[in-house]
Amino acid sequence: MSIQLPLPAGWARQGVSLRDPADRLRNLQLDRGEARKRVREVLEWLAGRHGIAPRHVGDALEGYADDMLSDLVFFVEREIESEIDGGR
């Protein structure tokens, strides 16, 4: 007896790129927001364990983490934006 799994499997869909550049850009921006949220959670955890003021978490996030995330996705974002502009 065998079990038929739904295709494509969830793990297989994670690496599939969307064909529509506008969708890819939107997903990239959503993922950057999710990454920012996770970085904030880690910074808040660290601050809580060591008595660091919450305002310092906000300062670090806005001063460094936002720039880091923007730098990380910059070239991919520009590539997708040029695809969108080229398709018009």
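Predicted model: local features only at pLDDT ≥ 70, side-chain atom pairs only at ≥ 80, totals over all residues.
**Helices α2 and α3**

Student: How do the axes of α2 and α3 cross?

Tutor: Helix α2 (residues 21-50) and helix α3 (residues 54-86) cross at roughly 165°, with axes that come within 10 Å. Axes are lines fitted to C-alpha atoms, for helices over the stretch in contact, with angles from 0 to 180 degrees between N-to-C directions. Helices are DSSP runs (H or I, at least four residues), numbered from the N terminus.

Student: Now the core. Which residues make up the largest nonpolar one?

Tutor: Leu 25, Leu 28, Val 73, Ile 80 and Ile 84, 5 residues in all. Such a core is a set of buried Ala, Val, Leu, Ile, Met, Phe, Trp, Tyr and Cys residues joined through side-chain atoms within 4.5 Å.

Student: Which helix gives the most to this core?

Tutor: α3, with 3 residues.

Student: And Glu 77: buried or exposed?

Tutor: Glu 77 is in helix α3. Glu 77 counts as buried, because its relative accessibility is 7% (buried means under 20% relative accessible area, 1.4 Å probe, protein chains only).

Student: What is Glu 77 in contact with, leaving aside neighbours within four places in sequence?

Tutor: Leu 25, Leu 28, Gln 29 and Arg 32. Contact means heavy atoms within 4.5 Å.

Technical notes
Residues numbered from 1 in each chain as written. Heavy atoms only, no water. Helix = DSSP H or I, 4+ residues; strand = E, 2+ residues; numbered from the N terminus. Buried < 20%, exposed > 50% of the residue type's maximum accessible area, 1.4 Å probe, protein only.
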